[in-house]
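Please keep the sequence and the 3D view at hand while reading.

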Amino acid sequence: MKVTVAGAGYVGLVTSACLAEIGHQVTCIDIQKEKIDLLQSGRSPIHEPGLEPLLEKNLRNEQLHFTTNPHRAYSDADIIFIAVGTPETRDGSADLKYIHVVAHTIAHYIEQDVIVCTKSTVPVGTNELIQQIIDSRKPPNLQVEVVANPEFLREGAAILDFFHGDRIVIGTRHPEAAAFMEQFYLQLNIPIMKTDIRNAEMIKYAANAFLATKISFINEVANICEHVGANIEEVAYGIGQDKRIGHHFLKAGIGYGGSCFPKDTKALVQFGGNLKQRYELLEAAINVNKRQQSLPVKKAKETVGSLHGKKIALLGLAFKADTDDVRESAALTIVKELLEEGADVTAYDPIAIPNTRRIVGNAIGYTEDIRQALQDTDLAIIATDWDQIKHLPLEVYLTKMKNPIVIDGRNCYSLQSIGQYPITYLSVGRPGHPNANNMFE
Ligand code: UDX
């Protein structure tokens with residue numbers, strides 16, 4: 001089938017490469033020429049395990065093309081996926097300007113009947129708006145059906161998720177479009193849920209809101225654990241054994257980041273607010289997350305006093321391991337707060353330094369050598385659970401640091417192994433916190 005994907009961002013690229021891999025003729029269009037040139041040479045602008053080999057292979061066998069030319073992209077497509085960004089505006093709502101531009105462009109350039117499938121996360125009602133925009137501008141003899149098809153890919157595991165997702169949601173009331181989409185996805189062998197457009201749009205927001213709330217929930221429990229001397233890992237395992245709760249997304253830490261949860265939770269709160277329907281639980285989850293990101297610096301101050309002039313190693317910059325993405329990363333909050341305190345910061349990350357440098361500049365030092373980051377430091381803060389950090393021999397903290405004090409925001413080490421070294425170690429929701437002893441005072 002002739003497939004066009006609008007947007008060579010994260011979702012667009014993974015969708016393009018994976019659809020080409022299963023035999024479709026895919027054209028991916030983006031307005032950024034440098035990005036398209038890079039992709040056309042087989043290189044990926046984002047770090048995603050397994051993506052570049054898929055791009056290279058499908059470019060070589062001409063299943064996949066990149067272009068900035070809308071006529072080439074849209075005129076003879078059987079199906080068009082919209083995968084452009086919906087960034088956060090100043091008030092937290094989703095900015096739909098790229099969606100509008102794409103809808104206008106599609107209407108202008110199509111020359112045959114087509115299904116338009118929205119993968120971008122958009123507020124309820126947006127797909128109906130896309131349908132209106134296209135209907136009012138397309139050639140009158142052509143039929144266009146807009147389908148909501150939200151995406152649930154995780155960064156770092158996106159290729160795996162594409163081929164082995166938990167479900168595919170198809171939102172349309174049009175029986176032919178629903179049948180077409182079902183047939184399109186059949187070979188992936190993933191359960192398909194057919195529903196209407198608004199339900200599909202809402203499913204995406206509700207899924208992200210629920211997962212974000214689950215993380216804030218476990219972080220709140222972790223903070224209580226610290227005060228009562230309990231261990232969040234035991235507690236999370238214990239509650240997760242209940243099938244109604246489950247084990248996923250119960251890892252306590254320094255809060256969620258990334259391109260989806262922070263943006264989509266705020267958009268849903270904003271969207272509800274516009275309808276005079278406050279989403280108080282999600283507002284609380286967002287606030288908890290904000291506070292959680294600030295806990296490492298608070299703990300650092302409680303442990304060593306003033307951070308002014310202190311030499312601090314920040315281990316990890318990416319919002320999670322296996323990505324170079326630093327959007328809404330807790331590490332950036334930590335950097336900001338450490339700089340406000342007057343600390344001298346050196347950050348380690350295996351791949352996220354270029355993206356961080358674009359935001360933070362040279363206000364901190366950077367190194368891809370973890371030992372160098374720790375050299376002569378007064379304190380280390382762990383912000384990302386990279387394997388390189390988890391597998392670091394613990395004696396390195398003793399040999400390299402001036403004072404072996406480690407504030408671990410990701411619970412990278414077992415208490416048993418770290419307990420064998422004279423390291424002051426504060427993790428999230430596990431015993432070892434000074435406050436724990438004060439509970440009966
Ligand atoms: C998320 C959703 O999982 C995905 O379905 C959606 O399409 C996009 O948003 P992603 O942002 O790539 O995916 O990362 P994810 O693995 O979900 O983690 C998000 C954040 O939550 C990370 O900062 C991670 O460190 C944090 N997290 C996750 C926790 O702190 N604890 C957990 O138990 C799980």
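The buried residues of helix α8 pack against β4 (79-82), β5, β6 and β7 (168-171), where helices (H or I, at least four residues) and strands (E, at least two) are DSSP runs numbered from the N terminus. This is a predicted model, in which local features need pLDDT of at least 70 and side-chain atom pairs count only at pLDDT 80 or more, while totals for chains, interfaces and linings use all residues. Residues are numbered from 1 along each chain as its sequence is written.

Which residues of α8 are buried? Helix α8 spans residues 175-185, and A177, F180, M181 and F184 are buried in it; a residue is called buried if 20 or more other C-beta atoms lie within 10 Å of its own, exposed if 12 or fewer, and partly exposed in between, with C-beta atoms placed from the backbone. Seen down the axis of α8, the buried residues fall within an arc of 95°, so they line one face of the helix, the arc being that of the directions from the helix axis to the C-beta atoms. On the other side of α8, P175 and Q183 are exposed. For Q183, the count is 10 C-beta neighbours inside 10 Å, which is why this residue is classed as exposed. The C-alpha atoms of Q183 and E145 are separated by 16 Å, the two residues being 38 residues apart along the chain.

Helix α6 (residues 126-137) has 12 residues and reaches 17 Å from its first C-alpha to its last, close to the 16 Å expected at 1.5 Å a residue; the expected span is 1.5 Å times one less than the number of residues. T126, N127, I130 and I134 are buried in α6. These residues cover an arc of only 100° around the axis, which puts them on the same side of α6. Q132 and S136, on the other side of α6, are exposed. The cover over the buried residues of α6 includes α5 (97-109), β5 (114-118), β6 (144-148) and α9 (197-228).

The table sets out two helix pairs, with axes that are lines fitted to C-alpha atoms, for helices over the stretch in contact, and angles that run from 0 to 180 degrees between N-to-C directions.

| Helix pair | Axes come within | Crossing angle |
|---|---|---|
| α12 (residues 280-304) and α13 (residues 330-340) | 9 Å | roughly 45° |
| α9 and α10 (residues 232-240) | 9 Å | roughly 135° |

The angle between α12 and α13 makes α12 oblique to α13; angles under 35 degrees count as roughly parallel, over 145 as roughly antiparallel, 65 to 115 as roughly perpendicular and the rest as oblique. The crossing of α12 and α13 is right-handed, a crossing being left-handed if the near helix is turned anticlockwise from the far one by less than a right angle, and right-handed if clockwise. The contact is made by Q293, S294, P296 and V297 of α12 together with A330, T333, I334, E337 and L338 of α13, contact meaning that the C-beta atoms of two residues, placed from the backbone, lie within 7 Å.

Helices α9 and α10 are likewise oblique to each other, and α9 passes α10 in a right-handed crossing. Here I218, V221, A222 and C225 in α9 meet I232, V235 and A236 in α10.

**Single residues in helices**

T213 is found in helix α9, and T213 counts as buried because it has 20 C-beta neighbours inside 10 Å. Not counting residues up to four places away in sequence, T213 touches L281, L282 and A285. The C-alpha atoms of T213 and E21, which are 192 residues apart along the chain, are separated by 35 Å.

R371 is found in helix α15 and is partly exposed, with 13 other C-beta atoms within 10 Å. Leaving aside residues up to four places away in sequence, R371 touches V396 and K400. Between the C-alpha atoms of R371 and M401, 30 residues apart along the chain, the separation is 9.2 Å.

**Two loop residues with positive phi**

Most residues other than glycine have a negative phi. N189, although not a glycine, has a positive phi of about 60°; N189 lies in the loop between α8 and β8 (192-195) and counts as exposed, with 9 C-beta neighbours inside 10 Å. The phi of D376, a residue other than glycine, is positive and near 60°. D376 lies in the loop between α15 (370-374) and β12 (379-382), and D376 is exposed, with 11 other C-beta atoms within 10 Å.
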